[in-house]
Amino acid sequence: MKAKMFRALLPLAIVFTMVSCSSDSSEGSSTDNKLVTTYNYNDTELKLITLVNNYRASIGLNTLEVINHISYKSEEHNIYMIDNKVVNHDYFQQRANNLIELLGATNVAENIAYNYQTPESAMSAWINSAAHKANIEGDFTHIGMSVTVDEATGKKYYTSMFIKK
């Protein structure tokens, strides 16, 4: 009986091992092991951070402190999405591990959005999505925000990352 179960589960274990060991280097950069301390925020990013913090305060939650390194990692993801013409959470675990290693994060979450014209419309979309809203309302202490315009299309890519330290 054990031998039959082993033979049945072995192919699944092999496939899982092959998939889980795939490289996440496509989004990496030379700053993966360096703390980025400066980030130039645009007006949309600053407004969206304010909207997130005002919303959190309005429901009795702590406001989130901005960390430039988190915004930088968020911007890296926006650039990846623009370069690859995708909207997704690819390589989230790589970004999360970077924040864990360099900032001492104990919990990491991420919200993305695409093609919203204003920070208010992106925030509204996040609040109207259960998963995104849960991240905004989560037990976090710090935030990073990036809003990047695809120069070819004029469309905006949004990535916000939340951590707890």
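Me: Is N53 buried or exposed, and what is its relative accessible area?
Reply: Bear in mind that this is a predicted model. N53 sits in helix α2, residues 43-58. Buried means under 20% relative accessible area, so N53 counts as buried, with a value of 12%.

Me: On to the helices: at what angle do the axes of α3 and α4 cross?
Reply: Helix α3 covers residues 68-84 and helix α4 covers residues 92-103. Their axes come within 11 Å of each other. The crossing angle is roughly 160°.

Me: Why is α3 described as roughly antiparallel to α4?
Reply: The axes cross at roughly 160°. Angles over 145 degrees count as roughly antiparallel. That's why α3 and α4 get the label roughly antiparallel.

Me: Is the crossing of α3 and α4 left-handed or right-handed?
Reply: Handedness is about which way the near helix is turned from the far one, and clockwise by less than a right angle is the right-handed case. For α3 passing α4, the crossing is right-handed.

Me: Which residues in α4 are met by residues in α3, and what classes make up the contact?
Reply: On the α3 side, the residues are H69, I70, K73 and H77. They meet R95, N98, L99, L102 and L103 in α4. By class, this contact has 4 nonpolar, 3 polar and 2 charged residues.

Me: How many aromatic pairs does a search of the whole structure find?
Reply: Rings of Phe, Tyr and Trp pair if their centres lie within 6.5 Å. Searching the whole structure on that basis, the number of aromatic pairs found is 4.

Me: What kind of aromatic pair do Y80 and Y91 form?
Reply: A pair of rings is described by the distance of the centres and the angle of the planes. For Y80 and Y91, the centres are 5.3 Å apart and the planes are at 90°. Planes over 60 degrees apart count as edge-to-face, so Y80 and Y91 are edge-to-face.

Me: Where do Y80 and Y91 lie, and are they buried or exposed?
Reply: The pair links distant parts of the chain, 11 residues apart. Y80 is in helix α3, while Y91 is in the loop between α3 and α4. Both Y80 and Y91 are buried.

Me: What is the phi of K85?
Reply: K85 is in the loop between α3 and α4, and K85 is exposed, with a relative accessible area of 71%. Most residues other than glycine have a negative phi. K85 has a positive one, near 55°.

Me: And what is the phi of N115?
Reply: N115 lies in the loop between β2 (107-114) and α5 (119-127). At 29% relative accessible area, N115 is partly exposed. Its phi is positive in a residue other than glycine, near 70°.

Me: How far apart are the C-alpha atoms of A152 and I82?
Reply: A152 is in the loop between β3 (142-149) and β4 (156-164). A152 is exposed, at 74% relative accessible area. Along the chain A152 and I82 are 70 residues apart, but their C-alpha atoms are separated by 9.3 Å.

Terms used
Residues numbered from 1 in each chain as written. Predicted model: local features only at pLDDT ≥ 70, side-chain atom pairs only at ≥ 80, totals over all residues. Heavy atoms only, no water. Axes fitted to C-alpha atoms, helices over the stretch in contact; angles between N-to-C directions. Helix = DSSP H or I, 4+ residues; strand = E, 2+ residues; numbered from the N terminus. Parallel < 35°, antiparallel > 145°, perpendicular 65-115°, else oblique. Contact = heavy atoms within 4.5 Å. Nonpolar A, V, L, I, M, F, W, Y, C, P; charged D, E, K, R; others polar. Phe/Tyr/Trp six-rings, centres within 6.5 Å; stacked < 30°, edge-to-face > 60°. Buried < 20%, exposed > 50% of the residue type's maximum accessible area, 1.4 Å probe, protein only.
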